[in-house]
Amino acid sequence: MSTILAFDFGLHHIGVATGNTTTKTCSPQKSIQARDGIPNADALDKLVRDWLPAVFVVGLPLNMDGTEQEMTFKARKFGNRLKEKYKKEVVFIDERLTSASAKEEIFERGGFRALAKDKGAIDSLSAVTILEQYFSEHV
């Protein structure tokens with residue numbers, strides 16, 4: 001059994017989800033605050049210490065036609081920093097439409113107010129969707 005940490009990269013919030021390779025279950029975690037895409041180092045270190053992941057999964061934001069954009073490069077940079085700092089494998093997963101899926105789920109649970117209230121929750125639900133995609137493709 002291995003634990004996986006998945007991230008939905010963003011400039012202000014980085015969504016986080018945890019998963020288990022045996023049960024293929026995913027759970028949203030509290031998002032990490034970021035400044036210009038650079039995560040709060042203490043919060044990130046605590047996540048890694050608490051969960052001891054075997055692998056990091058990072059959502060790769062692509063245009064709908066599959067081409068890369070500025071955020072694609074920033075997400076890759078984030079993933080590469082994870083790999084260098086923690087010496088763990090990083091897998092990038094196409095994240096097209098994950099935020100839309102997360103917003104739809106939150107809206108169904110509590111309407112517009114729920115969407116406006118917690119941007120970090122949207123990011124973490126997006127991270128769950130990214131991790132589910134990883135499980136379907138790699139485990």
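Reply: One term before we start: two strands pair if DSSP finds at least two bridges between them. By that rule β2 and β3 pair in the antiparallel sense, over seven bridges. Also keep in mind that this is a predicted model.

Me: Noted. Which residue does Val-16 stand opposite in β3?

Reply: Gln-29. β2 and β3 form a hairpin with four residues between them, and Lys-24 in that turn has a positive phi of about 55°.

Me: And how many bridges do β3 and β4 have?

Reply: Two, again in the antiparallel sense. Arg-35 stands opposite Ile-38 in β4. That hairpin has two residues between its strands, and Asp-36 takes a positive phi near 55°.

Me: Is Asp-36 buried or exposed?

Reply: Exposed, since its relative accessible area is 61% and the cut-off for exposed is over 50%. Asp-36 is in the loop between β3 and β4.

Me: Let's zoom out. What's the secondary structure count?

Reply: Four helices and six strands. Along the sequence the pattern reads β-β-β-β-α-β-α-β-α-α.

Me: What's the strand order in the sheet?

Reply: β4-β3-β2-β1-β5-β6, in an open sheet of six strands with mixed pairing. β4 and β6 are the edge strands, each pairing on one side only.

Me: Where does parallel pairing come in, then?

Reply: β1 and β5 pair in parallel over four bridges, with Phe-7 having Val-58 of β5 as its bridge partner. β5 (residues 55–60) also runs parallel to β6 (residues 89–94), and six bridges join those two. Leu-60 stands opposite Asp-94 in β6.

Me: How far apart are the ends of α2?

Reply: Its end C-alpha atoms are 25 Å apart. The 17 residues at 1.5 Å a residue should span 24 Å, so the two values agree.

Me: Which residues of α2 are buried?

Reply: Thr-72, Ala-75, Phe-78, Gly-79, Leu-82 and Tyr-86. Looking down the axis of α2, those buried residues fall within an arc of 125°, so they line one face of the helix.

Me: Why would spaced-out positions end up pointing the same way?

Reply: Because an α-helix has 3.6 residues a turn, so residues three or four places apart point the same way.

Me: OK, and which ones are exposed on the other side of α2?

Reply: Glu-70, Phe-73 and Glu-84.

Me: What do the buried residues of α2 pack against?

Reply: Strands β1 (3–8), β2 (13–20), β4 (38–39), β5 and β6, plus helix α1 (41–51). As for the helix itself, α2 lies across β1, β2, β4, β5 and β6, running at about 170° to β5.

Me: Which strands does α1 lie across?

Reply: β1, β2, β3 (25–35), β4 and β5. The angle between α1 and β1 is about 155°.

Me: Switching topic: where is Asp-123?

Reply: In helix α4 (residues 119–138).

Me: Buried or exposed, that Asp-123?

Reply: Buried: its relative accessible area is 4%, and the limit for buried is under 20%.

Me: What's Asp-123 in contact with, leaving aside neighbours within four places in sequence?

Reply: Asp-8, His-13, Ile-14 and Gly-15.

Me: Last one, for the protein overall. What share of the residues counts as buried?

Reply: 42% of the 139 residues. On contacts, taking those between residues at least 6 apart in sequence, 61% join residues at least 24 apart.

How values were computed. Residues are numbered from 1 along each chain as its sequence is written. This is a predicted model: local features need pLDDT of at least 70, side-chain atom pairs count only at pLDDT 80 or more; totals for chains, interfaces and linings use all residues. Side-chain values use heavy atoms; hydrogens and water are left out. The expected span of a helix is 1.5 Å times one less than its number of residues. Buried means under 20% relative accessible area, exposed over 50%, partly exposed in between (1.4 Å probe, protein chains only). The arc is that of the directions from the helix axis to the C-beta atoms. Contact means heavy atoms within 4.5 Å. Axes are lines fitted to C-alpha atoms, for helices over the stretch in contact, and angles run from 0 to 180 degrees between N-to-C directions.
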